[in-house]
Amino acid sequence: MIADVLADAGARMDRAVEAAKEDFATVRTGRANPQLFQKILVDYYGSPTPLAQLASVNSPEARTVLVTPYDKSALKAIEQAIRDSPNLGANPTNDGNIIRISLPELTEERRREYVKLVRGKGEDAKVHVRGIRRKSKDDLDALKSDVGEDELGRAEKELDALTRAHVDAIDEALKRKEAELLEV
């Protein structure tokens, strides 16, 4: 039973770390990256649809992104969703077939803002991991009548080590992203 609780906590924490890394990827750095557009939702026939389901997104050059819609009638909606997207600072141009997005050079001030944004996302991810730890600790405490206190103590230490490892993984990803952001 203890092993089940720890395995579940580990799996949930792994997903939280992966979600944090994906979230970090949506913050732009100096290079154009198709992952920047991963979380953009387009109003497609009245329902919010991820951009990746409506178009192919690729980056032929360092500061240019091409969006090729599968359905040409969605071109205007995709262009509007990209224009309205915060934290991109992009101005898309539409030639009737594709959308070309030229990303401007990041200023030092904008880079610092992005670092703050990434740190906030990292802190949110760490809070989520700690929430998983708290819930797992409650689950372990509920097993108190079924298992001995020694086993419970070992399980809590294991849970703490698991939490520490996942928080360190988030910190490591955060450091890499900060270095990428501040690189000129």
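**Strand pairing and helix packing in the predicted model**

Residue E61 stands opposite T64 in β4, strands being DSSP runs of E of at least two residues and helices runs of H or I of at least four, numbered from the N terminus. The model is predicted, with local features requiring pLDDT of at least 70 and side-chain atom pairs counted only at pLDDT 80 or more, whereas totals for chains, interfaces and linings use all residues. Residues are numbered from 1 along each chain as its sequence is written, and side-chain values use heavy atoms, without hydrogens and water.

Strand β4 (residues 64–69) runs antiparallel to β3, to which 5 bridges join it; two strands pair if DSSP finds at least two bridges between them. Both belong to an open sheet of 4 strands in the order β3-β4-β6-β5, with antiparallel pairing. The edge strands, each pairing on one side only, are β3 (55–61) and β5 (91–94). Direction ignored, neighbouring strands of this sheet are turned by 25° against each other on average. Helix α3 (residues 75–84) lies across β3, β4, β5 and β6 (99–102), and runs at about 165° to β5, where angles run from 0 to 180 degrees between N-to-C directions and axes are lines fitted to C-alpha atoms, for helices over the stretch in contact.

Helices α1 (residues 2–25) and α4 (residues 108–142) pack with their axes 10 Å apart, at an angle of about 170°; the two are therefore roughly antiparallel to each other, a term for angles over 145 degrees. The contact (heavy atoms within 4.5 Å) involves residues including I2, V5 and F24 of α1 and V118, I132 and L140 of α4.

Methods
Parallel < 35°, antiparallel > 145°, perpendicular 65-115°, else oblique.
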